[in-house]
Amino acid sequence: MERIMVIGAAGQIGSELTLALRKLHGAENVFATDLKEAPPEVVGNGPFQVLDVMDDKRLIHFVIRHKITQIYHLAAVLSGNAEKLPIQAWEINMQSLLNILDLAREVEDIKKVFWPSSIAVFGGTTPHKNTPQLTVTEPSTVYGISKLAGERWCRYFYSRYGVDVRSIRYPGLISYKTEAGGGTTDYAVEIFYEAVRNGKYECFLKEDTALPMMFMEDAINATIQLMEAPAEKITIRSAYNMGGLSFTPAQLAEKIKKHEPDFKITYKPDFRQPIAESWPQSIDDSIAKKDWGLTVNYDLSKMTAAMLQGVRDKFSMNM
Ligand code: NAD
Ligand code: AKB
C-alpha cells in the first residue's frame with residue numbers, strides 16, 4: 001500500500017492531482033501539504049497539513065511519522081513571478097528540490113519521487129518547432145535555469161544514489177478548478193474566466209505567439225501513468241518532453257467565439273512576451289509515448305468546451 005505526500009497541494013496542479021491520487025490509492029493514504037490552506041475539496045476529503053518544504057527538519061519528521069512511500073513535489077515559483085524576485089525564486093525552486101532528493105536518498109521507505117520540469121528549460125537558441133527531447137537548452141529565465149538545473153540534479157540522484165525520481169517537462173496547463181500560479185502560459189486560463197465574466201480579455205501575449213499547452217485532465221493522467229510505469233521502461237531520468245496542443249491566443253479566441261460570439265480580445269504584450277518567444281511552439285513527445293504510453297484526449301475544441309463549461313459551473317455555484 002502506497003502512502004503519498006503531495007507538496008504544493010493548494011496549487012493549480014496539486015489541488016487536482018491530490019484528488020486523482022486519492023481516488024486511486026484511498027483518501028487516507030494521500031497527504032496533502034502546502035504553505036497555504038488548500039481548497040475545501042482537498043482539505044475536506046483527506047489529510048491536509050500546512051508545511052513549508054524549505055523546513056527540512058519538519059519535512060523529515062512528517063515523512064517518517066506518516067511512513068511516506070512516494071512524494072510529488074510541486075511547490076515552485078513560476079516563470080512570471082520568478083522574474084520579479086529572481087534570487088528568492090532560485091532559492092525556493094532549487095533548495096526545495098534538493099531537500100526532497102536528499103530525503104529520498106536517506107529514508108528507505110521512500111520509493112519514488114515526482115518533480116515537474118517545464119518547457120521553460122528551452123531557450124531562444126532551441127529549435128522552436130517540434131522541439132526534440134535532446135537539443136540546445138539555454139533558458140533565459142531564472143525559472144528555466146532552475147528547472148534545467150533541477151533536471152540535472154534528478155539525473156544525478158538517480159545515477160549516483162539510485163533515487164527513483166521521475167519528471168515531465170510540462171507545457172502550459174489549462175484548468176478551471178484552481179487559478180494559475182503566475183506563469184507565462186496563464187493567459188490561456190485567464191481568458192476563459194474573462195470570457196464568461198466580462199465577454200472580453202486583454203491578452204499579455206501577442207496574438208500570434210504559439211505555445212505548447214495541455215488540458216489538466218490529460219496532464220494528471222500522464223503524471224500518474226509515468227509514476228505507475230515499471231522502472232525499466234523509464235529511459236529518461238532528467239525529464240520527458242510532453243507537448244499536447246499548440247495554439248496562439250488568436251486561435252484560442254476564435255474557438256471561444258464559437259461558443260461566445262460576442263467575445264472580444266485585445267493585445268497588450270508585457271514582460272512575459274519575450275519569455276514566451278524564447279519557448280518552443282510545439283514539442284516532440286514521441287519518447288514519452290513510446291516509453292510509458294502518453295496519450296492526449298483533449299484537442300483545442302474539446303478543451304475550449306470543457307473550460308467554458310467548467311468556469312460557468314464554478315461561477316453559478318458561487319452565486
Ligand atoms: P502553483 O503556483 O499553482 O502551485 C504551487 C504551490 O506550491 C502553491 O500552492 C504554493 O503555495 C506552494 N508552495 C510555494 N512555496 C512553498 C513552500 N515553501 N512550501 C510548501 N508549498 C509551497 O503552481 P502549479 O501550476 O500547480 O505548478 C506546480 C509545479 O508544476 C511547479 O513545479 C511548476 O513549475 C510546474 N509546472 C507547472 C506548469 C503549469 O502550467 N501549471 C507548467 C510547467 C511546470
Ligand atoms: C509558466 O508559464 O511558468 C508555466 C510553465 C510552462 O512552466 N506554466
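Here are some friendly notes on this predicted model, covering its ligands, salt bridges, cysteines and surface.

1. **Ground rules.** In this predicted model, local features need pLDDT of at least 70 and side-chain atom pairs count only at pLDDT 80 or more, while totals for chains, interfaces and linings use all residues. Residues are numbered from 1 along each chain as its sequence is written, chains are lettered from A and ligands numbered from 1 in the order in which they are written, and side-chain values use heavy atoms, with hydrogens and water left out.

2. **Ligand 1.** There are 27 residues around ligand 1, and Gln 12, Asp 34, Asp 52, Tyr 143 and Leu 173 come nearest (a residue is near a molecule or strand if one of its heavy atoms lies within 4 Å of it). A nitrogen atom of ligand 1 sits 3.0 Å from a polar backbone atom of Val 53, and a nitrogen atom of the ligand is 3.3 Å from a backbone N or O atom of Leu 35. For Leu 173, a polar backbone atom is 2.9 Å from an oxygen atom of ligand 1. On its own, ligand 1 has 830 Å² of accessible area, of which the protein covers 92% (areas come from the Shrake-Rupley method with a 1.4 Å probe; for residues, only the protein chains shown count as cover).

3. **Ligand 2.** The surroundings of ligand 2 consist of Leu 78, Ser 79, Ser 118, Ile 119, Tyr 143, Gly 183, Thr 184, Thr 185 and Trp 279.

4. **Ser 79.** This residue belongs to helix α4 (residues 79–84) (helices are DSSP runs of H or I with at least four residues, strands are runs of E with at least two, and both are numbered from the N terminus). Ser 79 is buried, at 1% relative accessible area (buried means under 20%, exposed over 50%, partly exposed in between, with a 1.4 Å probe and protein chains only). Its side chain also joins that of Thr 184 in a polar contact of 2.8 Å.

5. **Salt bridges.** The whole structure has 10 salt bridges (a side-chain nitrogen of Lys or Arg within 4 Å of a carboxyl oxygen of Asp or Glu). Glu 151 and Arg 169 form one of them, at 2.8 Å from N to O. This pair links distant parts of the chain, with Glu 151 in helix α6 and Arg 169 in strand β8 (residues 168–170), 18 residues apart. Glu 151 is buried at 1%, and Arg 169 is buried at 5%.

6. **A partly exposed pair.** Between Glu 277 and Lys 206 the closest N and O atoms are 3.7 Å apart. Glu 277 lies in helix α10 (residues 272–278) and Lys 206 in the loop between β10 (200–203) and β11 (211–215), 71 residues apart. Both are partly exposed, Glu 277 at 42% and Lys 206 at 38%.

7. **Other charged groups.** Arg 272 and Asp 270 form a salt bridge at 2.6 Å; Arg 272 is buried at 16%, whereas Asp 270 is partly exposed at 26%. Asp 164, Arg 166 and Arg 237 are linked in a salt-bridge network.

8. **Cysteines.** How many disulfides does the structure hold? There are zero (a disulfide is a pair of cysteine sulfur atoms within 2.5 Å). Cys 154 is buried, at 1% relative accessibility, and Cys 203 is buried at 0%.

9. **Helix α7.** In helix α7 (residues 187–197), the buried residues are Tyr 187, Ala 188, Val 189, Ile 191, Phe 192, Tyr 193 and Ala 195.

10. **Surface patch.** Trp 153, Tyr 156 and Tyr 161 make up a nonpolar surface patch with about 280 Å² of accessible area together (patches are made of residues with over 30% relative accessible area and no salt bridge; like charges are joined within 9 Å and nonpolar side chains, namely Val, Leu, Ile, Met, Phe, Trp and Tyr, within 5 Å). Tyr 161 lies in helix α6 (residues 142–161) and is partly exposed at 35%.

Terms used. A polar contact is a pair of N or O atoms within 3.5 Å; within protein, one must be able to donate a hydrogen and the other to accept it, and residues adjacent in sequence count only if both atoms are side-chain atoms.
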